[in-house]
Amino acid sequence: STLYRIAQEALTNVARHAQARHASVVVECRADEVVVIVDDDGHGFEAGEPTGSRAGHFGLIGIRERAAVLGGRTVIESGAGGTSVFVALPLSPETPAPA
(Lines give C-alpha, C1' and ligand atoms only; values in the text may rest on other atoms or scores of the structure.)
Protein backbone atom coordinates (compact mmCIF):
# COMPACT_ATOMS: atom_id res chain seq x y z
CA SER A 1 0.00 0.00 0.00
CA THR A 2 1.06 3.58 -0.54
CA LEU A 3 0.86 4.43 3.14
CA TYR A 4 3.23 1.59 3.99
CA ARG A 5 5.73 2.69 1.32
CA ILE A 6 5.63 6.29 2.55
CA ALA A 7 6.36 5.22 6.13
CA GLN A 8 9.07 2.85 4.90
CA GLU A 9 10.79 5.59 2.89
CA ALA A 10 10.61 8.05 5.79
CA LEU A 11 12.19 5.49 8.13
CA THR A 12 14.83 4.64 5.53
CA ASN A 13 15.74 8.34 5.44
CA VAL A 14 16.04 8.37 9.24
CA ALA A 15 18.36 5.34 9.17
CA ARG A 16 20.52 6.66 6.32
CA HIS A 17 20.77 10.36 7.00
CA ALA A 18 19.44 11.58 10.34
CA GLN A 19 21.89 10.04 12.81
CA ALA A 20 18.87 9.85 15.11
CA ARG A 21 18.70 8.06 18.42
CA HIS A 22 14.91 7.72 18.31
CA ALA A 23 12.16 7.66 15.70
CA SER A 24 8.41 7.23 15.99
CA VAL A 25 5.60 6.38 13.60
CA VAL A 26 1.98 7.35 14.25
CA VAL A 27 -0.85 6.23 11.98
CA GLU A 28 -4.24 7.76 12.58
CA CYS A 29 -7.52 7.14 10.80
CA ARG A 30 -9.74 10.20 10.71
CA ALA A 31 -13.24 10.58 9.28
CA ASP A 32 -12.08 11.45 5.78
CA GLU A 33 -8.35 10.69 5.71
CA VAL A 34 -5.59 8.50 7.05
CA VAL A 35 -2.52 10.24 8.45
CA VAL A 36 1.01 8.99 9.00
CA ILE A 37 3.55 10.99 10.98
CA VAL A 38 7.21 9.98 11.22
CA ASP A 39 9.34 11.94 13.70
CA ASP A 40 13.02 11.61 14.55
CA ASP A 41 15.48 13.35 16.84
CA GLY A 42 18.31 13.47 14.32
CA HIS A 43 20.33 16.42 13.08
CA GLY A 44 17.73 17.45 10.49
CA PHE A 45 18.41 19.61 7.48
CA GLU A 46 17.87 23.22 6.53
CA ALA A 47 14.77 24.08 4.50
CA GLY A 48 16.94 25.81 1.90
CA GLU A 49 19.12 22.76 1.21
CA PRO A 50 18.92 21.43 -2.33
CA THR A 51 16.74 18.38 -2.87
CA GLY A 52 18.91 16.64 -5.44
CA SER A 53 20.67 13.30 -5.07
CA ARG A 54 23.81 14.82 -3.55
CA ALA A 55 21.75 16.09 -0.63
CA GLY A 56 20.08 12.68 -0.24
CA HIS A 57 16.54 13.98 -0.58
CA PHE A 58 15.22 11.71 -3.34
CA GLY A 59 13.28 9.83 -0.67
CA LEU A 60 11.45 13.01 0.33
CA ILE A 61 10.62 13.73 -3.30
CA GLY A 62 9.24 10.19 -3.63
CA ILE A 63 7.11 10.63 -0.51
CA ARG A 64 5.63 13.86 -1.88
CA GLU A 65 4.96 12.28 -5.28
CA ARG A 66 3.30 9.15 -3.82
CA ALA A 67 0.98 11.29 -1.71
CA ALA A 68 0.17 13.68 -4.55
CA VAL A 69 -0.86 10.86 -6.90
CA LEU A 70 -3.62 9.97 -4.42
CA GLY A 71 -4.65 13.57 -3.77
CA GLY A 72 -2.86 13.68 -0.43
CA ARG A 73 -0.81 16.35 1.22
CA THR A 74 2.68 16.29 2.70
CA VAL A 75 4.35 18.56 5.23
CA ILE A 76 8.02 18.10 6.07
CA GLU A 77 9.55 20.12 8.90
CA SER A 78 13.20 19.81 9.83
CA GLY A 79 15.82 21.52 11.90
CA ALA A 80 18.55 20.92 14.44
CA GLY A 81 16.15 19.01 16.73
CA GLY A 82 15.01 16.48 14.13
CA THR A 83 12.59 15.97 11.29
CA SER A 84 8.83 15.41 11.10
CA VAL A 85 7.16 13.98 8.00
CA PHE A 86 3.36 14.38 7.97
CA VAL A 87 1.34 12.77 5.17
CA ALA A 88 -2.45 12.74 4.91
CA LEU A 89 -4.20 10.60 2.30
CA PRO A 90 -7.92 10.97 1.61
CA LEU A 91 -10.21 8.02 2.22
CA SER A 92 -12.48 7.59 -0.76
CA PRO A 93 -15.92 6.02 -0.32
CA GLU A 94 -14.52 2.79 -1.84
CA THR A 95 -11.55 2.68 0.53
CA PRO A 96 -12.27 0.88 3.78
CA ALA A 97 -10.80 2.40 6.93
CA PRO A 98 -7.78 0.50 8.25
CA ALA A 99 -8.44 -1.77 11.21
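The chain holds two helices and four strands, where helices (H or I, at least four residues) and strands (E, at least two) are DSSP runs numbered from the N terminus. Starting at the N terminus, the elements follow the pattern α-β-β-α-β-β. This is a predicted model, in which local features need pLDDT of at least 70 and side-chain atom pairs count only at pLDDT 80 or more, while totals for chains, interfaces and linings use all residues. Residues are numbered from 1 along each chain as its sequence is written, and side-chain values use heavy atoms, with hydrogens and water left out.

**The chain as a whole**

- Of the 99 residues in the chain, 31% are buried; buried means under 20% relative accessible area, exposed over 50%, and partly exposed in between (1.4 Å probe, protein chains only).
- Among contacts with a separation of 6 or more, 56% are between residues 24 or more positions apart; a contact means heavy atoms within 4.5 Å.

**The sheet**

- The four strands make an open sheet in the order S1-S2-S4-S3, with antiparallel pairing; two strands pair if DSSP finds at least two bridges between them.
- Strand S1 (23–29) and strand S3 (73–79) are at the edges with a single partner strand each, so one side of each has no neighbour in the sheet.
- From one strand to the next, the twist averages 10 degrees; axes are lines fitted to C-alpha atoms, for helices over the stretch in contact, and angles run from 0 to 180 degrees between N-to-C directions.

**Strand by strand**

- S1 and S2 are antiparallel partners over seven bridges, and a hairpin of three residues joins S1 to S2.
- Within that pair, Val26 sits opposite Ile37 in S2.
- S2 and S4 run antiparallel and are joined by eight bridges; Val38 has Val85 in S4 as its bridge partner.
- S3 and S4 are also paired in the antiparallel sense, over seven bridges, and Glu77 is found opposite Ser84 in S4.
- Six of the eight residues of S2 are buried, so S2 is largely enclosed by the rest of the structure.

**How the helices sit on the sheet**

- H1 lies across S1, S2 and S4, and runs at about 10 degrees to S2.
- H2 packs on the sheet as well, touching S3 and S4, with its direction at about 155 degrees to that of S3.

**A closer look at H2**

- H2 has 12 residues and spans 16 Å from its first C-alpha to its last, close to the 16 Å expected at 1.5 Å a residue; the expected span is 1.5 Å times one less than the number of residues.
- Its buried residues are Gly59, Leu60, Ile63 and Ala67.
- The buried residues of H2 pack against H1, S3 and S4, whereas the face turned away from the buried side carries the exposed residues Phe58, Glu65 and Val69.

**The nonpolar core**

- The largest nonpolar core has 15 residues, of which Ile6, Val36, Ile63, Val87 and Leu89 touch the most other members; such a core is a set of buried Ala, Val, Leu, Ile, Met, Phe, Trp, Tyr and Cys residues joined through side-chain atoms within 4.5 Å.
- Helix H1 (2–18), strand S2 (33–40), helix H2 (58–69) and strand S4 (82–90) are the elements that give two or more residues to this core.
- H1 gives the most, with four residues.
- Leaving out residues up to four places away in sequence, Ile63 touches Ile6, Glu9, Ala10, Asn13, Thr74, Val85 and Val87.

**Residues to look at individually**

- Asn13 is found in helix H1 and is buried, with a relative accessible area of 12%.
- Not counting residues up to four places away in sequence, Asn13 touches Ala18, Gly59, Leu60 and Ile63.
- Gln19 lies in the loop between H1 and S1 and is exposed, with a relative accessible area of 70%.
- The phi of Gln19 is near 50 degrees, a positive value in a residue other than glycine.
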